[in-house]
Amino acid sequence: MKKIERILIANRGEIALRVVRTIREMGLTSIACYADEDINTAAVREADEAYSLPGKRAVETYLNQEAVLELAKKARVDAIHPGYGFLSENFDFAAKVAEAGITWIGPDASVIRALGDKIDARALAKKAGVPTVPGSSGPVRTREEAAEFAAQIGYPVLLKRADGGGGRGIIRVDSEKDLHDYYSVASEQALDLTFIEKICTHARHVETQCMRDSLGNFAVVSTRDCSVQRRNQKLIEEAPAPALDEQIDKNLHTWSEQLFTHAGYVGVGTCEFLVAAGRAYFLEVNPRLQVEHTVSEEVTGLDLVAEQIRIAQGKAASAVPSARGHAIEIRINAEDPGAELAPVTGTVKSLRWPGGPGVRVDSFLEEGSVIGSNFDSLIGKITVHGATREQAIVRMRRALAETVVEGVPTSKPVLEAVLSTEIFAHMHHYTSWFDEEKIVDSLGLEPFAPSGSADPVPVKIAVEVDGRRHQLIIDNTVLSALQVAGPTSGRPARPRQPLRGARKQVQVENTDEPGVVTSPMQATVVRLPLEDGAEVAEGDLVAVIEAMKMEKYLHAPSAGIVKYEVAQGDTVAAGAVIVRVEEKK
């Protein structure tokens, strides 16, 4: 048995708070870490101890392996829980944690590495006797090779990246012209990771929530259906997966155990499959907790974070109760339905969550919270449980009606629209249904316009003085009280020193200057293919940005000389200048 008493949560937001709560229930000590803007968040307040990760952006803080490890050593933690996102699937970091003598709450680094490469994961599945979607067995580096392979399996096909996952880096290709367009702009590094899969039309996305302990005990906690998706991003999840053929359900259980056993997987994780035309195909294994783990918890009564910790301690996983009733989860994001669900920033002026029977809310935001551009736009998750799927749908519609968020637009109207359709009610939807039916456009909403100024509400903020966290209450324009948060002994924090090479956040610059290329949305700059001073023709690729795990190509509006206003890795606001194409003199 491993001694685990002090656990660092290397994450933020609702998942950090969710882990803190379980750690408290288990009688263990929770240690939070926080970026500058997260100092006053609920997870930091509720944790037994909280330490600073100085910086604003993810690359400086929650993705900074050295900083997180240094903090873990100073806080004398026994284990690190990575949550999801950030470093949760980084095999290099998991290995460093183990080398430091700290327990990693998750599968071994070698398992994460084997499953993290999608090409290697496909090969592992085949060795384990699990069918995969028809596709290439390795990278397809040239357009000619890709065209030949696509002709064999038939268009349309998907181009995927071996280092992708979670919907990132997936490109639909309907013709050889589409292939040509991709291969003409893709970097050599991207081509070394690109493989091809056949598109399964009218497919459902079904997954199994699994756990396996060091004693070899394996269990599927529940199946889940995640077929309501926008651009390969899950919008609605439910458990157990409804209307699933009995033989397919049996196969998914068997194949999941084969995958976990063959990979030597110890911990909690998810196997994902496509189900189409009466057959199921392996997609990937996610070696971490999933956002939608709540629906599996609600139908079984298990605490999956507690199971992660138990397994990491070397204990046997708990017995899995039979699934009871039906659960549905939705995610409320700060996104504008009137602007193609583009992520937005702003202040949450009013916030009211639903309650009543069978309603669970996972959130960390409060009235007065600011949603910035440094991190994701998740406001919170609502999970409902009912005796039947029909009751769960009605209950979720009621819960959404009770939910009020003012100050920023949200995805709520889109979710309400989906839940009101007969297609969803009768399980006739599939992974591409939401996009094909243009659900967002059908709402006919105008872009969100912030309301005029209003009297500010009392806001609680936190400040850090000599490593000690203090809480201030600001009422309108005066400081009305000063409260010291936490134990009187204070909480140690890392010295607040800027990191070298930190990326910047690029704001909007209003300009009518010709030749200017601006970002159409809040995004991250993932590739700048040219050097400053390079000459381009009209239509040439000048930048690649990423938002909502989808890449968007930006092209030169005219011929000229390139002058970049950003660097790779920068976060940019909608309307920010990316590059100027100046007239050649």
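Leaving aside neighbours within four places in sequence, with which residues is I236 in contact? In this predicted model, I236 is in contact with D225, C226, V228, I328, E329, I330, L415, V418, L419 and F424. I236 is also among the residues with the most contacts inside the largest nonpolar core, which has 93 residues.

**Nonpolar cores**

- Besides I236, the residues with the most contacts inside the 93-residue core are L8, I80, I379, I382 and F434.
- Helix α1, spanning residues 13-25, gives the most to this core, contributing 6 residues.
- The core lies between domain 1 (6-105) and domain 3 (332-420), because both domains give residues to it.
- Another core, of 26 residues, lies apart from the largest one; C210, I248, W255 and F282 are among its members.
- In soluble globular proteins, nonpolar side chains tend to be buried together.

- An open sheet is formed by 5 strands in the order β3-β2-β1-β4-β5, and the pairing is parallel.
- Strands β3 (49-52) and β5 (103-104) are the edge strands, each pairing on one side only.
- Strand β1 (residues 6-9) pairs with strand β4 (residues 79-81) in the parallel sense over 3 bridges, and I9 stands opposite H81 in β4.
- Helix α1 packs on the sheet, touching β1, β2 (29-34) and β4; the direction of α1 makes about 170° with that of β1.

**Helix α11**

- Helix α11 (residues 293-300) is mostly covered, with 7 of its 8 residues buried.
- The buried residues of α11 are H293, T294, V295, S296, E297, V299 and T300.
- G301 follows α11 and has a positive phi, near 85°.

Note on methods. Residues numbered from 1 in each chain as written. Predicted model: local features only at pLDDT ≥ 70, side-chain atom pairs only at ≥ 80, totals over all residues. Heavy atoms only, no water. Core = buried A, V, L, I, M, F, W, Y, C linked by side-chain atoms within 4.5 Å. Buried < 20%, exposed > 50% of the residue type's maximum accessible area, 1.4 Å probe, protein only. Helix = DSSP H or I, 4+ residues; strand = E, 2+ residues; numbered from the N terminus. Domains from an automatic or database assignment. Contact = heavy atoms within 4.5 Å. Pairing = 2+ DSSP bridges. Axes fitted to C-alpha atoms, helices over the stretch in contact; angles between N-to-C directions.
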